[in-house]
Amino acid sequence: MSVIRKGFRWPLVTSVLGALYFRNVIRYMHVDSFIVENAISFGFPTIAFFSLIPLIFGFITAEPQTSAIMSTSLVTGAFEKFIPAQVALLYVSSFLAYFTSPLHLCLILTVGFFKSNIREVFKWLVPSSVLVYCVQFAVCYLLIEYF
């Protein structure tokens, strides 16, 4: 019993419950279908839902889990099923946006600890992240379109 009691983490439980609540609110209010239908009617490609939305959420929240949960909540109501390449695109987009976000606390603390210049860090971080994103997007795009 002590292992269960000590291993029980309220922040994790509340974040999972919050994510489920957010997902149900999105579905109940039909926000997901509204966004997807309007975006598609304006010519927004469907692959962008698995890429651009997580990038935006990841950059703003500076947390890959939050970005993935919020993006998945929007996308699951709009699409019937997912293939692994779409899920990979969603998660890697969330992670790369978090990784390059200036709100990323680990990045801020590391730069401060080593007394580095944030511009010098971003001079190397951004191009390498863009390269990783382009390769990941190309691979996932090919997998989504041809398989």
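Ser67 lies in helix H5, where helices (H or I, at least four residues) and strands (E, at least two) are DSSP runs numbered from the N terminus. This is a predicted model, in which local features need pLDDT of at least 70 and side-chain atom pairs count only at pLDDT 80 or more, while totals for chains, interfaces and linings use all residues. Residues are numbered from 1 along each chain as its sequence is written, and side-chain values use heavy atoms, with hydrogens and water left out.

With a relative accessible area of 0%, Ser67 is buried; here buried means under 20% relative accessible area, exposed means over 50%, and partly exposed covers what is in between, with a 1.4 Å probe and protein chains only. What surrounds this residue? Once its neighbours within four places in sequence are set aside, Ser67 is in contact with Pro54, Phe57, Gly58, Thr61 and Ser94, contact being defined as heavy atoms within 4.5 Å.

Not counting residues up to four places away in sequence, Ser94 touches Pro54, Gly58, Pro64, Ser67 and Ala68.

Ala62 has its place in the loop between H4 and H5 and, at 9% relative accessibility, counts as buried. Lys115 also has a positive phi, near 55 degrees, in a residue other than glycine, and this lysine is found in the loop between helix H7 (105-113) and H8. Is Lys115 buried or exposed? With a relative accessible area of 74%, Lys115 is exposed.

The next topic is a helix pair. Helix H6 (residues 84-100) and helix H8 (residues 118-146) pack at an angle of about 170 degrees, with their axes 10 Å apart; the axes are lines fitted to C-alpha atoms, for helices over the stretch in contact, and angles run from 0 to 180 degrees between N-to-C directions. H6 and H8 are therefore roughly antiparallel to each other, in a scheme where angles under 35 degrees count as roughly parallel, over 145 as roughly antiparallel, 65 to 115 as roughly perpendicular and the rest as oblique. On the H6 side the contact includes Leu89, Val92, Leu96 and Phe99, and on the H8 side its members include Phe122, Val132, Tyr133 and Phe137. The residues of this contact divide into 14 nonpolar, five polar and no charged, with Ala, Val, Leu, Ile, Met, Phe, Trp, Tyr, Cys and Pro taken as nonpolar, Asp, Glu, Lys and Arg as charged, and the others, Gly among them, as polar.

Val25, placed in helix H2 (residues 10-28), is partly exposed at a relative accessible area of 33%; its C-alpha atom and that of Ser73, 48 residues apart along the chain, are separated by 9.4 Å. Asp32, found in helix H3 (residues 31-41), counts as buried at 4% relative accessibility, and its C-alpha atom is separated by 21 Å from that of Pro84, 52 residues apart along the chain.

Finally, the view widens to the protein as a whole. Its secondary structure comes to eight helices and zero strands, and the C-alpha trace spans about 50 × 50 × 25 Å along its principal axes. Of the contacts with a separation of 6 or more, 70% are accounted for by residues 24 or more positions apart. Buried residues make up 30% of the 147 residues, and the accessible surface comes to about 10,100 Å², of which 73% belongs to carbon and sulfur atoms, as computed by the Shrake-Rupley method with a 1.4 Å probe, where for residues only the protein chains shown count as cover.
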